Amino acid sequence: MKKEMKTPFKSPATVLGSEESFRLLVESLKDYAIVMLDPGGHVASWNAGAERFKGYRGEEIIGQHFSCFYPTESVQRGLPEQELNAAAKDGRFEDEGWRVRKDGKKFWANVIISALRDKDGTLRGFSKVTRDLTERKQAEEQIRQQSNEIMELSTPVMQVWQGVVVAPLIGSLDSNRTQQFMERLLNRIVETNSPVALVDITGVPTIDTQTAQHLIETISAVRLLGAQVVLTGVRPAIAQTLVHLGIDLSNIMTRASLSAGLQVALDILNLKVVRKNDSN
Amino acid sequence: MALESISVIKLKNLLLVTVPSDPDDETISALQEQVLEAMAQHEAKGLVLDISRVQTLDSFFARTVAETVQMVALMGGRTVLAGMRANVAVTATQLGLTVGNALSALDVDRALDLLNAAHSGVRHV
Amino acid sequence: MNEPQQGEFQITSENDIVMARKVVRDAATTLGFGITDVTRIVTAASELTRNIYHYAKCGVMYWRVLNQDTRVGLELTFKDSGPGIPDVERAMEPGFTTGKGLGMGLPGSKRLMNEMTIESTVGKGTTVVVRKWLKQ
């Protein structure tokens, strides 16, 4: 670095004791882009991480306005200015979003902009610390897709006794999942000729109005076929939410546990479990 | 297309009608007529509508069935829809169709059991 | 692909309602829709064909395969020169009836399909277009 980095504010003392060592530390960090902006948002300093993430070398970017790192749509919406204003007002602003490299490629960034003030409180500029989270975001996307697939595969509708099928529901129900779930459940009911279906919602973490409506829709469809649904696994939290949401399940059989539901199924089918005689 | 003839079969004091797979509107209306005539003739206590072959349940069909159920009830009988197909049930629910006070059963055997049990006073859940 | 990619069907008699169902069933099945989606499409077609017969006495149904980069679908168009729908928005409300004890099956058909557009002019006629996309 040919230029000496001006330090208009007091830098914290480091173990190595000098501002020079601290400057070297910041400049050489590759995993974080640490950039200083003047109060107008123009780039005042650059480091190795910034060069790595954004592709510009120090000498070509210093003096440019930092909005060039943002996608065009964001610039049009005034996002860069909003972020500076927020940092100036609250001292700090954190965001995750798309940023653009010199070659035009986008990357997913976590950005913290801090307002830098001298001891009089005058705004001297901003620090901007950026992390590249593109890999993490892609990994998250992949996990989400895979867990969707796993959910589909791991919720088969099982016949547990003649006349009884069990359908465990895991996660929430959107329109798509409802259609798939309904088709799977109804087909199994017809295939196995089962008049009772236990729909277990132990694996549904929270219930919202949409999921509840979809459940009710599913239960209507099962009734049209000539079978009945017992909703099982209704935990206290779910029971509370359903009542608070004003959802009327009064004409649907519900139980707190799957085993209680099974008992209801046996009653409906006029069956009873009897212990074998010991004298056998 | 010629009117498909619907046969109404008497099973003791119950009636059984097997609905064809894709009946036209005229056939569906004729079904209602024939059912009511048979109800009168045999003083039946119940009607089983076997819809296990039916591929499409649209609003006209559903409305006619709902009306028929009401009319049969007025004549002293209960109606059971038997054997609805899974894809038909999914679509009918999505379309928001109801079939009035008709009961449903997975197949004709269960439908007959249902009507007989109700009639003999056995409690049926 | 040698199967026809489009077709036309005149609606002039009550019998045409069930015939239209068969035409649509063939087209949807050939295109590869699963049985439940076929049922949805056929049921929507039944509702919309019946509308033409009851309100306009005659009209035409067009069907065609939609081939796009990322997806494939079936489009059905129902066109008549009948009395038209004075208030399309109200007709789309569930529970709307025209006093003959008949609803128009429009909100239901919309639920069964992926897209629906309605154009109607009182005294001139109505065109309803519905589309269903194949799940990949």
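The model is predicted: local features need pLDDT of at least 70, side-chain atom pairs count only at pLDDT 80 or more, and totals for chains, interfaces and linings use all residues. Residues are numbered from 1 along each chain as its sequence is written, while chains are lettered from A and ligands numbered from 1 in the order in which they are written.

**Chain C overall**
- Chain C has 4 helices and 5 strands. Helices (H or I, at least four residues) and strands (E, at least two) are DSSP runs, numbered from the N terminus.
- Along the sequence, the pattern of chain C reads β-α-α-β-β-α-α-β-β.
- Chain C has 136 residues, and 37% of them count as buried. Buried means that 20 or more other C-beta atoms lie within 10 Å of the residue's own; exposed means 12 or fewer, and partly exposed is in between, with C-beta atoms placed from the backbone.
- Take the contacts in chain C between residues at least 6 apart in sequence: 62% join residues at least 24 apart. Two residues are in contact if their C-beta atoms, placed from the backbone, lie within 7 Å.

**Helix α2 of chain C**
- α2(C) is largely enclosed by the rest of the structure, because 18 of its 22 residues are buried.
- At 1.5 Å a residue, α2(C) should span 32 Å, and its end C-alpha atoms are 31 Å apart, which agrees. The expected span is 1.5 Å times one less than the number of residues in the helix.

**A hairpin in chain C**
- β4(C) (residues 115-121) and β5(C) (residues 125-133) pair in the antiparallel sense over 7 bridges. Strands pair if DSSP finds at least two bridges between them.
- Glu119(C) has Thr127(C) in β5(C) as its bridge partner.
- The hairpin leaves 3 residues between β4(C) and β5(C). In the turn, Gly123(C) has a positive phi of about 90°.

**Chain C against chain B**
- Here 20 residues of chain C are in contact with 16 residues of chain B.
- On the chain C side, α1 (15-31), α2 (35-56) and α4 (106-112) give two or more residues. The largest share, 9 residues, comes from α2(C).

**Chain A against chain B**
- Here 16 residues of chain A are in contact with 13 residues of chain B.
- On the chain A side, α7 (175-192) and α8 (209-225) each supply at least two residues. α8(A) gives the most, with 6 residues.
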